[in-house]
Amino acid sequence: MQSKTSFFNGAVFRKRLTRFWPLWLGYAFVLFLTTPAAVLNRLSIALYHEAGTPVQDLLLGQTTGLLPLLSCIFGLLLAAATFDFLFTARGTGLMASLPVRREGAFLSCYAAGVVMLLSSDVLIALITLIVEAANGAVHLPSLLMWLAVLSMEGLLFYSIAVFCAMLTGHILVLPCLYLLF
């Protein structure tokens, strides 16, 4: 006998993606400015260096400085956006009135945030690879390590922010508790 219980709702998932596309685009734009544009700048300045050295140093240097900060900020913003219905009584009532189980609503909203984070990371990694290939300085191990670190940090910070949002259900307490974690 097949189970009719669904732990995912496509309508809620699509609504979260279409409603918060500016935040998604903003995250991708900030990543674009910090990685492919910086790689292109580094390659144009350091033409006399060995092929992979300037790019490798830049990408691996970002994993300890800039990327954790970006992941922390955008993880909080995405969690606050995708779970915005928790912060008002009206939004909570409207979400509860949908014919969607609580598990389905949670997993659909969570999956929308994960898709926004990871798709931006992969897109920027592909653009960076194209920039490196156009300049003849492809260093795939450092780019893959950059992508893995960025994806894991984004997923970690987003998950912590979602936990705080579900725990508090208050827009002002969420950042305070998130910063404590």
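Helices α3 and α7 are roughly parallel to each other, a label that here covers angles under 35 degrees. This is a predicted model, in which local features need pLDDT of at least 70, side-chain atom pairs count only at pLDDT 80 or more, and totals for chains, interfaces and linings use all residues. Residues are numbered from 1 along each chain as its sequence is written, and side-chain values use heavy atoms, with hydrogens and water left out.

I'll stay with that pair for a moment. The axes of α3, residues 36-45, and α7, residues 102-134, come within 9 Å and cross at roughly 15°. Axes are lines fitted to C-alpha atoms, for helices over the stretch in contact, and angles run from 0 to 180 degrees between N-to-C directions. Which residues in α3 and α7 meet? From α3 there are Pro36, Val39, Leu40 and Leu43, and from α7 Ile124, Ile127, Thr128, Val131 and Glu132; contact means heavy atoms within 4.5 Å. By type, the contact of α3 with α7 divides into seven nonpolar residues, one polar and one charged. Pro counts as nonpolar in that division, and Glu as charged.

Now the whole chain. The protein chain has nine helices and zero strands, where helices are DSSP runs of H or I of at least four residues and strands are runs of E of at least two. The C-alpha trace spans about 65 × 40 × 25 Å along its principal axes. Of the contacts with a separation of 6 or more, 79% are between residues 24 or more positions apart.

Next, the core. A nonpolar core is a set of buried Ala, Val, Leu, Ile, Met, Phe, Trp, Tyr and Cys residues joined through side-chain atoms within 4.5 Å. The largest one has 46 residues, and those with the most contacts inside it are Leu31, Val39, Phe83, Trp146, Tyr158 and Leu174. Helices supplying at least two residues each to this core include α3, α7, α8 (140-168) and α9 (173-180). Leu174, leaving aside neighbours within four places in sequence, is in contact with Leu76, Ala80, Phe87, Ala161, Cys164, Ala165 and Thr168.

Is Leu67 buried or exposed? Its relative accessibility is 0%, so Leu67 counts as buried. Not counting residues up to four places away in sequence, Leu67 touches Leu31, Gln62, Trp146, Leu150 and Glu153. Pro99 is 32 residues from Leu67 along the chain, and their C-alpha atoms are separated by 39 Å.

Notes: Angles under 35 degrees count as roughly parallel, over 145 as roughly antiparallel, 65 to 115 as roughly perpendicular and the rest as oblique. Buried means under 20% relative accessible area, exposed over 50%, partly exposed in between (1.4 Å probe, protein chains only).
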